[in-house]
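Me: Please take me through this model by questions and answers, and give the cut-offs of each term where it comes up.

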Amino acid sequence: MNYARISDALRTLLFEPDPGAELDQVLDRYYAPDFTYRTDGKVLDRSQFAELVERVRSQVAEGKVTVLDELRDGSAYAERHVYHIGLKNGATQDREVTIFGTFAPDGRFRHLSETGFDLDPAEG
């Protein structure tokens, strides 16, 4: 079975989107129908997560994700990465993120909890 990877999802959803694929089609590749996402103390269902992705997607001009650590043990998943995003308004964002989650039986994400912090690009 193939299991989803958050780095692949980020690339496909935000950094290198397929212009011929609808957002829901891309979400279906990586996220189960009952998917939930927790960040900053808020839990979003898949519909709310899709709205978040659509908002972010409309602002991103380019980006890169580098996986630092990744672990899968049964249905448990953990991953730590850094990303650089260039926004359409010219601003940039560099961030380190740690994600913990679970997989649905089909290998897509069922739940992800995220925490992270901004990086100073000058220190990179």
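Reply: An axis here is a line fitted to C-alpha atoms, for helices over the stretch in contact, and angles between N-to-C directions run from 0 to 180 degrees. Helices (H or I, at least four residues) and strands (E, at least two) are DSSP runs numbered from the N terminus. The model is predicted, and local features need pLDDT of at least 70, side-chain atom pairs pLDDT 80 or more, while totals for chains, interfaces and linings use all residues. Numbering starts from 1 along each chain as its sequence is written, and side-chain values use heavy atoms, without hydrogens or water.

Me: How are α1 and α2 oriented, roughly parallel or roughly antiparallel?

Reply: The axes of helix α1 (residues 6–15) and helix α2 (residues 23–30) come within 10 Å and cross at roughly 175 degrees. Because angles over 145 degrees count as roughly antiparallel, the relation of α1 to α2 is roughly antiparallel.

Me: Which residues of α2 make the contact with α1?

Reply: With contact meaning heavy atoms within 4.5 Å, α1 contributes D8, A9, T12 and L13. On the side of α2, the residues are L23, V26, L27, R29 and Y30.

Me: Why is the pair of F35 and F49 classed as it is?

Reply: Aromatic rings pair if their centres lie within 6.5 Å, and planes over 60 degrees apart count as edge-to-face, under 30 as stacked and the rest as tilted. The search of the whole structure finds 10 aromatic pairs. In this one, the ring centres of F35 and F49 are 5.0 Å apart and the planes stand at 65 degrees, so the class is edge-to-face.

Me: How far apart in space are T39 and S113, C-alpha to C-alpha?

Reply: T39 lies in strand β1 and counts as buried because its relative accessibility is 18%. Although T39 and S113 are 74 residues apart in sequence, their C-alpha to C-alpha distance is 6.0 Å.

Me: Is D40 buried or exposed?

Reply: D40 sits in the loop between β1 (31–39) and β2 (42–45), and its phi is near 55 degrees, a positive value in a residue other than glycine. Most residues other than glycine have a negative phi. Since its relative accessibility is 71% and the cut-off is over 50%, D40 counts as exposed.

How values were computed:
Buried < 20%, exposed > 50% of the residue type's maximum accessible area, 1.4 Å probe, protein only. Parallel < 35°, antiparallel > 145°, perpendicular 65-115°, else oblique. Phe/Tyr/Trp six-rings, centres within 6.5 Å; stacked < 30°, edge-to-face > 60°.
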